[in-house]
Amino acid sequence: MSKVIDAILDAVYPKNVVCAICAEEAHTDKHGLCAECAALLVPAGIIEPLGFVDEAYCAVKYDEHIARAVHNYKYNDARYLCSFFASLIDIQKPWVIDAVVPVPLHRAKQNKRGYNQSALIAYKISERYGLPVREDLLERIRNTSSQRLLNAEERAKNTLDAFRASDRAKDKRILLIDDVFTTGATMNECAKALKLAGAAYVYAAAPCIAGKEHFNKV
């Protein structure tokens with residue numbers, strides 16, 4: 001994200017003044033949260049690897065509280081919230097990463113939305129850790145339907161073989177970034193494509209993780 005865009009966002013949504021979740025004016029912490037909202041977040045952490053994903057991390061648990069921010073971020077053009085979501089993710093110290101790869105949107109969906117929410121988070125993480133973002137390593141080749149109303153089995157079928165990776169991923173240790181980890185179907189298919197292209201290791205990270213009770217809400 002360019003410095004010009006950052007400056008515009010800072011002017012419209014000044015840091016340390018408005019809470020990223022409740023949008024109330026307040027003194028905020030390093031994540032951009034007021035004390036009340038910060039106290040409601042439930043930490044998650046390292047989660048069990050899934051399929052082709054070698055290691056995975058999610059910062060907090062998805063609940064009705066953080067759902068407001070997720071919804072605004074994805075569907076109400078609140079792209080300024082990328083800083084908040086990125087700030088939640090701590091790259092684990094043992095991880096050795098060559099490239100940060102956001103989960104791609106299909107071109108048609110990205111053109112309609114105007115941005116890839118996972119990519120905005122990835123670029124913020126890149127700035128923080130000094131890691132390169134490589135959007136060229138992975139693409140979505142099928143315009144899949146929304147996962148929002150699907151159960152775990154349907155999500156897996158919906159994303160099956162939906163991604164293709166470049167051979168430039170060969171031997172790289174890659175950090176996949178998504179906005180929400182639900183069943184892990186999307187991350188797994190992305191990791192599968194990267195592994196088939198020769199990636200050496202695939203980590204996955206997201207700001208929040210949803211339990212089964214939230215499958216139809218994110």
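## Close-up views of a predicted model

**View 1. Leucine 175 and its neighbours.** Leucine 175 touches Ile91, Trp95, Ile97, Ala99, Val100, Val101, Tyr203, Ala204 and Ala205, leaving aside residues up to four places away in sequence. Contact here means heavy atoms within 4.5 Å. This is a predicted model: local features need pLDDT of at least 70, side-chain atom pairs count only at pLDDT 80 or more, and totals for chains, interfaces and linings use all residues. Residues are numbered from 1 along each chain as its sequence is written, and side-chain values use heavy atoms, with hydrogens and water left out.

**View 2. The nonpolar cores.** The largest nonpolar core has 42 residues. Those with the most contacts inside this core are Ile21, Ile66, Phe84, Phe85, Ile121, Leu175 and Ile177. β2, α3, α4 (82–88), α6, β6 and β8 (201–209) each supply at least two residues of this core. A second, separate core holds 27 residues, among them Ala56, Leu138, Phe163 and Leu176. A nonpolar core is a set of buried Ala, Val, Leu, Ile, Met, Phe, Trp, Tyr and Cys residues joined through side-chain atoms within 4.5 Å. Buried means under 20% relative accessible area, exposed over 50%, and partly exposed in between (1.4 Å probe, protein chains only). Helices (H or I, at least four residues) and strands (E, at least two) are DSSP runs, numbered from the N terminus.

**View 3. Strand β3 beside β6.** β3 and β6 run parallel, joined by 4 bridges. Two strands pair if DSSP finds at least two bridges between them. Valine 100 stands opposite leucine 175 in β6. From strand β3 (residues 99–102), Ala99 and Val101 point one way, while Val100 and Pro102 point the other way. All four are buried. In a regular strand the side chains alternate between the two faces of the sheet.

**View 4. Aromatic pairs.** The whole structure contains 5 aromatic pairs. In one of them, tyrosine 73 and tyrosine 115 are tilted, at 6.4 Å centre to centre with 45° between the planes. This pair links distant parts of the chain, 42 residues apart: tyrosine 73 sits in helix α3 (residues 64–75), tyrosine 115 in the loop between α5 (107–113) and α6. Both tyrosine 73 and tyrosine 115 are buried. Tyrosine 201 and tyrosine 203 have ring centres 4.9 Å apart and planes at 55°, so this pair is tilted too. Tyrosine 201 is partly exposed, at 27% relative accessible area, whereas tyrosine 203 is buried, at 5%. Ring pairs also link Tyr73, Phe84, Phe85 and Tyr115 into a cluster. Rings of Phe, Tyr and Trp (its six-membered ring) pair if their centres lie within 6.5 Å; planes under 30 degrees apart count as stacked, over 60 as edge-to-face and the rest as tilted.

View 5. Aspartate 54 and lysine 195 meet through their side chains in a salt bridge, at 3.1 Å from N to O. Aspartate 54 lies in the loop between β1 (43–47) and β2 (55–61), and lysine 195 in helix α8 (residues 185–196), 141 residues apart. Aspartate 54 is partly exposed, at 24% relative accessibility. Lysine 195 is partly exposed, with a relative accessible area of 24%. A salt bridge is a side-chain nitrogen of Lys or Arg within 4 Å of a carboxyl oxygen of Asp or Glu. The whole structure has 11 salt bridges.

**View 6. A salt bridge between two loops.** The closest N and O atoms of aspartate 136 and arginine 168 are 3.0 Å apart, in a salt bridge. Aspartate 136 lies in the loop between α6 (117–129) and β4 (138–140), and arginine 168 in the loop between β5 (163–165) and β6 (173–177), so the pair ties together parts that are 32 residues apart in sequence. Aspartate 136 is partly exposed, at 34% relative accessibility. Arginine 168 is partly exposed, at 44% relative accessible area.

View 7. Lysine 192 and glutamate 189 form a salt bridge, with the closest N and O atoms 3.1 Å apart. The two residues are 3 residues apart in helix α8, so about one helical turn separates them. Both lysine 192 and glutamate 189 are buried.

View 8. The structure holds 0 disulfides. A disulfide is a pair of cysteine sulfur atoms within 2.5 Å. The sulfur of cysteine 19 has its closest cysteine sulfur in cysteine 22, at 3.6 Å, too far for a bond. Cysteine 19 is buried, at 3% relative accessibility, whereas cysteine 22 is partly exposed, at 23%.
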